[in-house]
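Let's take a look at this protein together. Keep the sequence beside you as you read.

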Amino acid sequence: MSETKQNHLNHPLFVAARAYTNYFTPTVTGIENLPTSGPALVIGNHSSIYWMPEVWITFMAMLERRPVEPSFGVAHDVILNTPIFGDSIRQFGVIPANRDAAAAGIKDGGAVMVYPGGDWEACRPWTDRAKIDFAGRKGFIRLALEMGVPVIPAVANGGHDSIFVLSRGERSAKLLQLDKLFRAKVFPYTVGVPFGVAPIVPQLPLPATVDVSFLPALDWSTQPGDPDDTALVESYYDDTVGTMQTELDRLRAATPNPIATGIKNHLAALPGPFSALAELVS
């Protein structure tokens, strides 16, 4: 199994993913908090609509941390049903973004990566880029309590700086009945290159540096708890969001301008005297 996993990491799709995420000059810290074996639930904050570099960065870090044990990511049905690409990512353990699939992955002994905020958080306005927004979704807490698995936050900073989201476009989504068609409540409007102000189309992302921090398992997830206790689940939700927001605030304080930092990182990597151009970026 180890050889198979390593072959997966050398698959052309992941080679391309590494090249892609390198554009965001990523750093990963705290990966030692992810168990090398056994089931776990990894929860992250979602950013930058379709580009979502934090997803690839987090998932590849999980695969490298657990070369023998299974790791699973989740994706929307629209992505999984995409010809060729959808089939490819399924090969690496990407499963549908629903409770049953996540539970099955945990039962298989896997570390399952989920993003509770989903498209709602990924499409939040750029002005809310430094905010954790799970939209009150608590299914991951009930799932963790039912399955008795540790919950490992993977907090990301920088991805949502790379694209300027003006609005989630909730009214447009409702008018287009996207919730019925695709389980989507957003139809985001962005501003950027090459489309200017436009809905949903992929603008070119800026090279904002992305930092991902794996935190220790949340205390509540290592203790017995009743998933049907509404007050308990609510308190665990508040604790989880608060813990992740505190870490995002810390990452934000360390890298307050991810775009400038990303540009500086790229310039510093230039050969010879060209690397000195990095000193021009503050």
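## Helix 8 and its cover

In helix 8 (residues 139-147), Phe 140, Ile 141, Leu 143, Ala 144 and Leu 145 are buried, meaning under 20% relative accessible area, with over 50% called exposed and anything in between partly exposed (1.4 Å probe, protein chains only). Helices (H or I, at least four residues) and strands (E, at least two) are DSSP runs, numbered from the N terminus.

What sits over those buried residues? The cover includes strand 2 (40-44), helix 6 (99-107), strand 6 (151-157) and helix 11 (230-254), where contact means heavy atoms within 4.5 Å. Just after helix 8 comes Gly 148, with a positive phi of about 65°.

## How the model is read

This is a predicted model: local features need pLDDT of at least 70, side-chain atom pairs count only at pLDDT 80 or more, and totals for chains, interfaces and linings use all residues. Residues are numbered from 1 along each chain as its sequence is written, and side-chain values use heavy atoms, leaving out hydrogens and water.

Three strands form an open sheet in the order 7-8-9, with antiparallel pairing; two strands pair if DSSP finds at least two bridges between them. Strand 7 (164-167) and strand 9 (196-199) are the edges, each pairing on one side only.

Strand 8 (residues 189-192) is joined to strand 9 by four bridges, and the two run antiparallel. Thr 190, for instance, has Ala 198 in strand 9 as its bridge partner.

## Out at the end

Now for Leu 280: it lies in the segment after helix 12 (258-268), and it is exposed, with a relative accessible area of 71%.
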